Amino acid sequence: MELLKWLSESAGASGDENKISDFIAGEVTRYCDKVFKDNMGNLYCFKQGTAENAKTIMLAAHTDEVGLIISSVTDDGFLKFRTVGGIDESVLLAKRVRIGENKMLGVTGVKAVHLSTTEEREKKISCADMYIDIGATNKQEALKLVKIGDYATFDTEFEKIGSLLKGKAFDDRLGCFILINLLKKAHKNSVWYCFTVQEELGLRGAAVVSRRIKADAAVAVECTTCLDLPGVDKDKTSTVVGLGPALTIVDGATYTNTLIRTKLKEAADKFQYKNLAAGGNDAGAIHLNNIKTAAVSIPARYIHSPVCVVDEADVEECIKMLDKFLDTEEF
Amino acid sequence: MLDMLCQIPCACGNEETIKKYIKTKTDGYEDSIGNFIVSKNDGQKKLMIFCGIDEDTLTAMSIDGKKVYVTHQGTQKLPLGSLVSFGGYTGVLQAKDAAKPDKDLYVDMLTGGFENIGAAGIVCAEYTTEENVIFTKDAAEKIAVCAMLECIDLKTDYDASFVFGVQSKNNNKGAIVATREIEPDFVLSFEKTKSEGLTYKAVGKGFVISSAAKEKIERICDKLDIEIKPEADSEQPSCVQALGAPNTVVVGIPVRFFDEIRQACDIKYKDIIKKIIKAFLEEGK
């Protein structure tokens, strides 16, 4: 869990993934036949398969998380920002964030309830109306501590709550964690473990990776939406925590390949289907480069927010499923 | 052949049945997404002739007793109360809120026992012909596919690929994959249009026809005495952006009842399309 804790708590918003991929490269190089990065920052790790007629499989997990970017500084020393990736702006209020190389602590301010009007409280606030307070009293002081263009990510501690795990950036550091666990072992098939970048900005890294790598099959390993909460209709939950890794049939970006999806299902002891056709992931870019592609995801409540919740058992089931899948002989 | 094509089911993402029929007419191969491709020659210039073969589809996402919750691939109006077939299991299309007939769709199965999450369902809609008109799902595309099959053995100097494209109802994914793989110099494609009379796509969202493509289609149609006009309607769904090759001609085949589950199309367009395909193939220099 130390590895997952590091991955979850570390900062790496889209466009700022280097630290994450450098750490991963350091962790995995001794297990791989080839490790390199491309100009965009995608990390490629290759392991030759043990079988004579080994096929080539690509597993993809993205290293970036949703976050914020500092766009300007007010004369009073407050930081203005924009979102990086899809975030519902209502989750941004009154949060702790860490900014830049020095992990400067800041808070996203909100007017005290005593001072706001009913109209103000009912209006949805956009990030254009918000600011980050780093305790600076003027612009000059603020600019000694942070720079315009610095990224900010949520400051959330990774920990267990009951039987579940809580943290930030499970989307998709959980996918990275799963890939790192898998590549420590040899498999019959040759595998490209691809740690992609800028997924949250439109699957950009995966588009580059899948033009470079020729594979017989690919699986995007992700985190996905989960709305298994009181009052939600069963057909609207997307996924359910604790029912195993979720296979995508169709989402907003991909109609997954039936054969690959079937092979994943056959390799699973426990799985579920994602029941909503919303969202998308790296599979959306990969399959367009003539690679049979499927997606498997860990259900995560409150995804793309400062704190998400997953079931550790779902992660373990996913690792077991993919471990078996990587030894599949027929594609 | 046209009668057969109009009666064979062809769900988006699950086009096996119609491909099985096409394979009885010609040899080819499938790419990773399932496009069926017939390649001819090793010419210097590459020509891709493309048409989508799939229809609007309801994919089973979850099951609750006899209710199968579905997601709709495509843009046609699917009438509530329609019979939906999942190949052996049948049900009636419903919406959770009848006042919002395109949201929260489910199929109320006639019998129990259906368990196939991921299965593709299609609306049962009768195929009819009357005089020179066919009335069927994706009528224009059926006519184009028939024309392509009847032209497959024509001689050409092009490195020609006839692509029977899949997932046209899923944002034209098949077209994207085919173009990236084949890298054609020229694409000739067919789809339905609302306009009266034959058209070619001149302008669309993020697309303008190249001058070479415009010149070619106008010259060929002029030589064949075929009336064709440019279409600049950016609101109609089209495969034009998905194709994205340097020179792309998308010919619009006029239909009536454009948005309904079935359209009416004049059979005369089959011979017209065949003439255009033949002329393109003959130009393969």
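Hi everyone. A word on conventions: this is a predicted model, in which local features need pLDDT of at least 70 and side-chain atom pairs count only at pLDDT 80 or more, while totals for chains, interfaces and linings use all residues. Residues are numbered from 1 along each chain as its sequence is written, and chains are lettered from A and ligands numbered from 1 in the order in which they are written.

Where they touch, domain 1 of chain A gives 12 residues and domain 2 of chain A gives 11. By contact I mean that two residues have their C-beta atoms, placed from the backbone, within 7 Å. The domain 1 side of that contact in chain A has 4 nonpolar, 4 polar and 4 charged residues. For these classes, Ala, Val, Leu, Ile, Met, Phe, Trp, Tyr, Cys and Pro count as nonpolar, Asp, Glu, Lys and Arg as charged, and the others, Gly among them, as polar.

Domain 1 of chain B brings 13 residues to the contact and domain 2 of chain B brings 11. On the domain 1 side there are 5 nonpolar, 3 polar and 5 charged residues.

Now, how do the chains meet? In the contact between them, 19 residues come from chain B and 15 from chain A. On the chain B side, the elements giving two or more residues are β4 (57-64), β5 (67-73) and α4 (173-182). Helices (H or I, at least four residues) and strands (E, at least two) are DSSP runs, numbered from the N terminus. Which element gives the largest share of the chain B side? That is α4(B), with 5 residues. The chain B side as a whole divides into 6 nonpolar, 8 polar and 5 charged residues.

Let's stay with α4(B). It is largely enclosed by the rest of the structure, because 8 of its 10 residues are buried. A residue is buried if 20 or more other C-beta atoms lie within 10 Å of its own, exposed if 12 or fewer, and partly exposed in between, with C-beta atoms placed from the backbone. Among the buried ones are Ile176(B), Val177(B) and Ile182(B). The buried residues of α4(B) pack against β3 (46-52), β12 (159-165), β13 (186-193) and α6 (240-243) of chain B. Just after this helix, Glu183(B) has a positive phi of about 50 degrees.

On to a helix pair in chain A. Two packed helices are described by the angle between their axes and the distance between the axes. Helix α1 (residues 2-9) and helix α5 (residues 170-182) of chain A pack at about 145 degrees, with axes 9 Å apart. The axes are lines fitted to C-alpha atoms, for helices over the stretch in contact, and angles run from 0 to 180 degrees between N-to-C directions. The residues in this contact include Leu3(A) and Leu7(A) from α1(A), and Phe170(A) and Ile180(A) from α5(A). By class, the contact has 7 nonpolar residues, 1 polar and 1 charged. Helix α5 of chain A also holds Asp172(A), which is joined to Asp171(A) by a cis peptide bond with omega about 5 degrees.

Next, the cores. A nonpolar core is a set of buried Ala, Val, Leu, Ile, Met, Phe, Trp, Tyr and Cys residues joined through C-beta atoms within 7 Å. The largest has 163 residues, and those with the most contacts inside it are Leu59(A), Ala60(A), Leu179(A) and Ile143(B). Its largest share, 9 residues, comes from helix α3 (residues 139-151) of chain B. A second, separate core of 22 residues includes Ala11(A) and Tyr131(A).

Ser238(A) is not a glycine, yet has a positive phi of about 70 degrees. Is Ser238(A) buried or exposed? It counts as buried, because it has 24 C-beta neighbours inside 10 Å. Asp225(B), also not a glycine, has a positive phi of about 60 degrees. Asp225(B) has 7 C-beta neighbours inside 10 Å, so it counts as exposed.

Thanks, everyone!
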